[in-house]
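Here is a guided reading of a model, to be followed with the coordinates open.

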Amino acid sequence: MNAPKKKLKVATTSLAGCFGCHMSFLDIDERLFTLLDHIEFDRSPLTDIKVVSPGTDIGIIEGGLCNAENVHVLREFRQNCTTLIAIGACAINGGLPAQRNHLPLTAILEEVYHTGHGLANGMIPNDPELPLPLNKVHPIHEVVKIDYFIPGCPPSADAIWKVLTDLLAGKEPELGHGLMHYD
Amino acid sequence: MSHTFTLDGKVIPFTEGQTIIQAASAAGVFIPHLCYHPEFKPHGSCKLCTVKVNGRHTASCTMRAAVGMVVESETEEINAERRALTQMLFVEGNHFCPSCEQSGNCQLQATAYHLGMMSAHYDHFFPNRAVDASHPEVLLDFNRCILCSLCVRASRDVDGKNVFALSGRGIKTHLIVNAKSGQLADTDFTLADKAAQVCPVGVILTKRRGFAVPIGERKFDKAPISETAETTEGR
């Protein structure tokens, strides 16, 4: 008898995202059980594991980069994952968080913490534990090499399923009409 | 001698004076394009309709068909170039499809789908561009302008109003409104203008109609752009 096939290790994270892509991933519903015959989860909000194990096969990144910690986590994923997938609009083009990109960061912080309505004696948070915001929000391909992209806001469960099953079958993932969406 | 040329091996008939893209679309063959529109004089600027004629690159919207031409269009090489051009359009402007009311009806987006554009590849410019909401019926969102000049041509050649123009040069080229204030409200532009109907992206938007047709039920949700005859009709 053949020994059971080694399961692929998959890690996921949400950087400057809303976890909507993760929700859409969970939307593959009972197909999760089929998936779990082929993969096991490493670092992910689903497992609460905090670091990516070396030799992880697939890393799935939701969200863009809005602060220093996002960059750190992204680099950790790139270092430890053979294949990196950007999932959703924010990872791919910055998405909603990038709507701040035409405003100076200081002006935004001033308005949110000092001059906005109903604020008194506000201060801009500066605890050393807080990651520093980046001047602009960046898509993740601008910082590390990304192997595959699943566009959408969020991508449909079927689109995510298609890419994962294509990869598991050793094929180049392809989204045809109906699964390919930027919205 | 019969008036035909070949396009990816298929024999395409043409009449004297027709361009390659005109003959191809009459024969039901799709060539990706953004600044070309069958009702207007070609502009030849977006280069999406580039094909190889007898081995040389040329814009199929400006090149007249000639007997015996050997034209290549749907090749991996040409589509890779088209994809790169499309990616440059995406990074040059602010194209955030999830928050754009033209999503699903947008020719740029549908073309990117057609070309299998999975990401914008290049670094985004994130330009700072204004929105003009001055007109009572129409909103102008310059963030999405791809400089196809269709509104310029429609307003000048059909409406006889000259409301729009392209200003500046090179990377600084941008769409302007011909009014002293620069505001659309200070022109004689109306919703009935041809220029209000031709924008292939989400710059010229009719107010209070944005989501009348929900996302998912729009033109290019139903069929890919390669199967849709004229892409900006019936918006």
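**A hairpin and its chain**

Asn54(B) takes a positive phi near 50° in the hairpin of E3(B) and E4(B), where 2 residues lie between the strands. This is a predicted model, in which local features need pLDDT of at least 70 and side-chain atom pairs count only at pLDDT 80 or more, while totals for chains, interfaces and linings use all residues. Residues are numbered from 1 along each chain as its sequence is written, and chains are lettered from A and ligands numbered from 1 in the order in which they are written.

Strands E3 (residues 50-53) and E4 (residues 56-59) of chain B run antiparallel and are joined by 4 bridges; two strands pair if DSSP finds at least two bridges between them. Val53(B) has Arg56(B) in E4(B) as its bridge partner.

Chain B as a whole has 5 helices and 10 strands, both being DSSP runs numbered from the N terminus (helices H or I, at least four residues; strands E, at least two). Its radius of gyration is 18 Å, close to the 18 Å that the globule rule gives for 235 residues, so chain B is as compact as a globular protein of that length. The radius is taken over C-alpha atoms, and the rule is 2.2 Å times the number of residues to the power 0.38. Along its principal axes, the C-alpha trace of chain B spans about 55 × 40 × 35 Å.

Where does chain B meet chain A? There, 16 residues of chain B are in contact with 20 residues of chain A, contact meaning C-beta atoms, placed from the backbone, within 7 Å.

Note on methods: Two residues are in contact if their C-beta atoms, placed from the backbone, lie within 7 Å.
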